[in-house]
Amino acid sequence: MLRNKTLLLFQVLVSKSGKCCLSFSHTRNNLFVSRRQSIQCSVSKLRYIHCNCSATQKTTLSHPTLYSKEEIQSYYEPVIGIEVHVQLATDTKTFCPCPTRFGAKPNSNVCPICLGFPGTLPLLNRKVLELATRAAVALNCEVALNTKFDRKNYFYPDTPKNYQISQNDRPLGRNGYITLPSGRNIRIQRVHMEEDSGKMLHQGASSLTGSTHTFIDYNRAGIPLIEIVSEPDISSPVEAAEYGEELRRIMRYIDISDCNMEEGTMRLDVNISLRPKGEETFGTKVELKNINSFHFVSRAVEYEIIRQGSLLLQREKPIQETRLWNEKSQSTLTMRVKEGASDYRYFPEPDIPPIQLEPSQVDDIRRTMEELPSAKRKRYLEEYGLSVYDANNVVNEPSIAKFFEATVRHGVAPKLVVNWIMSDIMKYLNQKRIEITETKLSCESLAELISLIENKTITGRIAKDILPILMERGGSVTTIVEERGLQQLTDKNKLEELVKTTIASYPKEVELYKSGKTKLLGFFVGQVMKSSGGKADPVLTNQLVKECLSQ
Amino acid sequence: MFWRFVGSTFFFCPTCRIVVHNGERWKRHKSTCFQQSPLTRLQCHTKSFSTIIKKQLADVDNSTVLSITENFKRGEWKAVDIVVEYLNRIHEMDKLLGAFLTVDAERALQKARWLDEKWRKGEPLGPLAAVPVAVKDNLCTKGIPTTAGSRILENFIPGYDATTVSRLEAADAIVVGKTNMDEFGMGSSTELSGFHPSKNPWDPSRVCGGSSGGSAAAVASGMVPFALGSDTGGSIRQPASFCGICGLKPTYGRVSRFGLVAFSSSLDTVGPMASSVMELASVFQVLAGHDSMDSTSLLDKVPCYKDILQERGALDLKDIKLGVVYDERMLSSKGFGQVEDVMRCFQESVRVFTHLNAKVVAISLPFLEEALAAYYVIAPSEASSNLARYDGVRFGIRQEAAHISELYQKSRGMGMGSEVKRRILTGTFALSSGYYDAYYRKALQVRQLVSQQLKNLFQQQLDIIICPTTPCAAFELGEKIKDPVKMYMEDLLTIPASLAGLPALSVPMGFDSDHLPLGLQLIGNQQREDILFRAGHAFQLATNWHRHRPLMYRNYVSTTTDAIH
């Protein structure tokens, strides 16, 4: 039936007239239907009032930076809540067997189900439920054992059925929280599952409004998402970014998404309003979209605080609207103004029976849950005695943290491991743009490397040279050291000889040194190290050079 | 002509099996493609056509699903001959009835040829081998236009089969065409089809019921031995009753909904329509069962109905307790005509059951009117969402427009009929915030109440509830079309079983004073289709109502067989 997916090719192409065409063609069995229709989705005033009208012009165009941040913050405090969409890392879509691969040809990962063709029915991918439950548990939510899907009804061309299968009154998770690196808790209001919509590419304008024509790619339609809604607990631009980063970290730790903001597997909408300090009621909320890095989260929020604060201080009121972050201008611009509350006419999805979770299933998930970043950070401080800075750095990447712990388990001082990871290893990884798991470096060899420095078999310099070999080819450090004769030169007689010959070849410098330029000591040590090929014991060399020169 | 032009802008060429969109291209196509027109081909068949089969098929007892398969398997009849005879009937009678929206003669003949070949090679044949079938047009058929009776889908050709259709195909039945229906199943007369109304074979000035009216008319007039219908609030039972045939609305979830163009997802069911209960049982055997493509499909195993019906004592109903609904006064107070006829036939039927040793108790069906009201909130609410996808963006008819809202407005405005619009508006209203609790939630509560009431009745050792299927016989074309509420009242007696998701069977129980057929409804407990079949079959062995055929069928049979003489 649907296995004959090749049968239904669904492509978007441009016709000669420049309009967007959808064409269907059946390739097998010589089945007909080759038709072209042009959709011209050029919309003027559809669901949103575009903000060109004179009434709103004043507020949106007022220069926002009339007041300084400090000035605004002495009167007002921001109230920030964040809605995050995370794409779950499943192989297939939420309700059909289409692949979720990113970067496929437009409209190639589609089938009659995710295109909402007549008569098709959704089939819940069990993996979606599993991953979403894992997320809800990781965010310390109460998991609903009895949950269901609902239909959210609205007309938009990127939504094939013109309703989105989502969850309304019985979300999977409720009342959770996460702990930021700063130690502050941000409450999570709800976590629910839903399907993604298609992607629209507008021609001639940045949105459907005003575009001459629009392309729709339904590859993304039906890809599983979870929406995580925070309580308005966030109080500063920096905290907003921290919240996003921590959420991303958690999702990556429990391995339910790669949370790549550029590929859109994690999307962030920020709700922000200002209220006079000490007041309980909320001000008018503005929604920020199109923020595709954490760096821009704090920038956008900061811009918004200043914009809204300046309006308030000018005795004007911000209006309820959705604004887009513009990377080029480093500012936010009006996208649409809400025409009052939209009515999505939610009702229970009749095509998917309610979902029953066993308490034991949730317990299993909780029991087998990986240690989360906040717990890890705490443990690193207490158990390994790392500094807050180091702990945060190591915990940042799940793979790094795992590697770190495994190395430490081999009995090496944690601080030394952190130093190696954060300097040379990270530098290498960043250069090659790879993950630590993709290198040949094993935790055993790093531990070995560090202990060889500790017992003075090799110098730090040599270790730095060995590391890239380990990362590229792997193998035992001892073997490499022996094969290449890289052992530290600690034999006093041999070293003394080396020092003498080196010094003898720089008579001018010796003169200068003796005339009081003692700074040249470093130069001599360096030269000795160089001629030893980096193998000379630095402490001993230092001592010998001094002795030799004072003779 | 055996190929049919659906709508004015859409042509289906059976020779190369493609669809051509506009008239000009169609003319060009016809001039190049039609070396040999399908009609000439058919006439070639007709020449070799065995007159004996034609005569034999004229007999009511020989034209059943069972005897066709049997004769085909025995090698008495060729599948091609069977198909040609039925295509001939469609050719002769459908001009008057308008039961079909698409007839795919070429495809049917191809399948027949393939089956004949299969028989010749001695390969195993399916339980419905060589039986022509008509499929309601809201069931998707790969490569055959599927419109659900709506203009907005007049150019829609699915690339997939509904599970029910693929199961019939796998059982070696032959799909000959798609039948007319009220647009998206919304109506009780097939007058609300986006294309043309279908007429009742017993009296072409009357409606054939709906929404599976095309299927009912096709079976009743003998154009096909059986058909598929769909039932949301009575859409199989009511037209079966109006056309004097049998129809089964199965337990919700027993038959897969995959490929059924959704009207109201929590109520929709797909079921068979045929002349006798025995035939229904053999078709239902093929249709029923779990389908992994439908999450609401039931997992339970399907019993063998043939075995159950052939068991010793299966037709002695002494272990069956019938709950008889007597509500004559209520029906007459609702302004239905001919209630006396309905009640007379109904009482006679009850007497038949007592003769068959069934225990009979009088019961009443409470909340009938509340159930009707609840249905007309729930079904439109779900429909308002289910029908949102028909927007002209991805498939179906699209009207040119300057911007997206105009595109929606024009495509939907022109593609959908007034009843569909009315229900979308009703449903949208009922689901709107502020009204949700007063309408949708309240309707769900009524549904719960009705289900509970029926459940209680079955818990009191009741096996079947019987009542008339409809409060009156088929009405005149145009009689109720102006008054939607009157039309809605048609569903009064069929809705309780729909809301509760229970199986219900309609069998002919006699004729009214205008010689129009009347139907008897048997409602069973969850998944107890077997008991319905037992009672229905026993009833039909004791009565003759299901063997009556309309005049036009008798005329056809006598003229064609005379011509052969």
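Predicted model: local features only at pLDDT ≥ 70, side-chain atom pairs only at ≥ 80, totals over all residues.
Before I start, one term: when I say that two residues touch, or are in contact, I mean that their C-beta atoms, placed from the backbone, lie within 7 Å.

Chain A has 551 residues, of which 41% are buried, and its secondary structure consists of 17 helices and 19 strands. If we take the contacts in chain A between residues at least 6 apart in sequence, 68% of them join residues at least 24 apart. Chain B has 565 residues, and here 60% count as buried, with 21 helices and 15 strands making up the secondary structure. For chain B, among contacts between residues at least 6 apart in sequence, 76% link residues at least 24 apart.

The UniProt annotation "active site", from an unreviewed entry, covers B:Lys136, B:Ser211 and B:Ser235. These residues span 100 residues in sequence, yet no two of their C-alpha atoms are more than 11.0 Å apart, so they gather at one spot.

Where do we find B:Ser211 in chain B? B:Ser211 sits in the loop that runs between β7, residues 203-207, and α8, residues 213-220. A residue is called buried if 20 or more other C-beta atoms lie within 10 Å of its own, and B:Ser211 has 35 such neighbours, so B:Ser211 counts as buried. Leaving aside residues up to four places away in sequence, B:Ser211 touches B:Met181, B:Asp182, B:Gly185, B:Met186, B:Gly187, B:Thr190 and, from the annotated set, B:Ser235.

The backbone deserves a remark here as well. Most residues other than glycine have a negative phi, and most peptide bonds are trans. The bond that joins B:Gly210 and B:Ser211, however, is a cis peptide bond, with omega at about 10°.

B:Ser235, for its part, is placed in the loop between β8, residues 226-231, and α9, residues 237-243, of chain B. With 37 other C-beta atoms within 10 Å, B:Ser235 is therefore buried. Its contacts, again not counting residues up to four places away in sequence, are with B:Gly185, B:Gly210, B:Ser211, B:Ser212, B:Gly229 and B:Ser230.

Next, helix packing. Two packed helices are described by the angle between their axes and the distance between the axes. In chain B, helix α14, residues 368-386, packs on helix α17, residues 437-459, at an angle of about 130°, and their axes are 9 Å apart. The two helices are therefore oblique to each other, and α14(B) passes α17(B) in a left-handed crossing. From α14(B), the residues that meet α17(B) are B:Glu370, B:Ala371, B:Ala374, B:Val377, B:Ile378 and B:Ser381, while α17(B) contributes B:Tyr439, B:Tyr440, B:Ala443, B:Leu444, B:Val446, B:Arg447 and B:Val450. By type, the residues of this contact divide into 10 nonpolar, one polar and two charged.

Staying in chain A, consider A:Ile72, which belongs to helix α2, residues 69-75. A:Ile72 is buried, because 21 other C-beta atoms lie within 10 Å. Beyond residues up to four places away in sequence, A:Ile72 touches A:Tyr67, A:Ile305, A:Ile306, A:Gly309 and A:Leu313. A:Ile72 and A:Leu312 are 240 residues apart in sequence, but 9.0 Å apart in space, C-alpha to C-alpha.

Finally, two loop residues of chain A with a positive phi. A:Asp255, which is not a glycine, has a positive phi of about 60°, and A:Asp255 is found in the loop between α4, residues 237-253, and β14, residues 266-276. A:Arg345, also not a glycine, has a positive phi of about 45°, and A:Arg345 lies in the loop between β17, residues 331-337, and β18, residues 347-348. Which of these is buried, and which exposed? A:Asp255 is exposed, with 12 other C-beta atoms within 10 Å, whereas A:Arg345, with 24 C-beta neighbours inside 10 Å, counts as buried.

Key
Residues numbered from 1 in each chain as written. Chains lettered and ligands numbered in written order. UniProt positions renumbered as here; feature names shortened; annotations may be inferred. Helix = DSSP H or I, 4+ residues; strand = E, 2+ residues; numbered from the N terminus. Axes fitted to C-alpha atoms, helices over the stretch in contact; angles between N-to-C directions. Parallel < 35°, antiparallel > 145°, perpendicular 65-115°, else oblique. Left-handed = near helix turned anticlockwise from the far one by under 90°. Nonpolar A, V, L, I, M, F, W, Y, C, P; charged D, E, K, R; others polar.
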